[in-house]
Amino acid sequence: MSDWDTYTVLKKRVAKGSTMKSEQAVNAARRQGAQVDTQQKWGAGSNKQHAATKNTAKLDRETEELRHESISLDIGKLIQQGRQSKNMSQKELATKINEKPQVITDYEAGRGIPNNIILGKIERAIGLKLRGKR
């Protein structure tokens, strides 16, 4: 056999998954008669946390204002009086009950959202019963 009789056949590589997903690759495969299976993922590539929901109109028609329940001002005054009787600052009380000082500030001002765990910690720290008086 002479050199003129031998030849090399170069094959194209099989396309990777990412190139197979392009519209161009899918159309080329269709033209060649290959079996093409396409699926569209639901919600893929979109930010669904800000999408309008089915209940948007229902919520718009709602007239009732919904708010969190807050601590009464009476309980806030009791916390403040109990803290001052123990000669503690808001920061010291917060440190003692392992909470942020802002929590104590909010509870004393009547803005805090009632939490029985926090109220229990405050009761033990200042020695007053708060939860029966909401």
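Modeller: Contact here means heavy atoms within 4.5 Å. Helices are DSSP runs (H or I, at least four residues), numbered from the N terminus. The model is predicted, so local features need pLDDT of at least 70 and side-chain atom pairs pLDDT 80 or more, while totals for chains, interfaces and linings use all residues. Residues count from 1 along each chain as its sequence is written, and side-chain values use heavy atoms, without hydrogens or water.

Take α7, residues 116-126. Its buried residues (under 20% relative accessible area, 1.4 Å probe, protein chains only) are I118, L119, G120, I122, E123, A125 and I126. They pack against α4 (73-85), α5 (90-96) and α6.

Look at α6, residues 101-109. The axes of α6 and α7, lines fitted to C-alpha atoms over the stretch in contact, come within 12 Å and cross at roughly 90 degrees. The two helices are therefore roughly perpendicular (65 to 115 degrees between N-to-C directions). V103, I104 and Y107 of α6 meet I118, L119 and I122 of α7. That contact has six nonpolar residues, no polar and no charged; Val, Ile, Leu and Tyr are among the nonpolar types.

E123 also sits in α7. With 11% relative accessibility, E123 counts as buried. Leaving out residues up to four places away in sequence, E123 touches L128, K129, L130 and R131.

Now the ends. At the start of α7, a side-chain oxygen of N115 comes within 3.0 Å of the backbone nitrogen of I117. After α7 comes G127, with a positive phi near 75 degrees.

Terms used. Axes fitted to C-alpha atoms, helices over the stretch in contact; angles between N-to-C directions. Parallel < 35°, antiparallel > 145°, perpendicular 65-115°, else oblique. Buried < 20%, exposed > 50% of the residue type's maximum accessible area, 1.4 Å probe, protein only. Polar contact = N/O pair within 3.5 Å; in protein donor to acceptor, adjacent residues only side chain to side chain.
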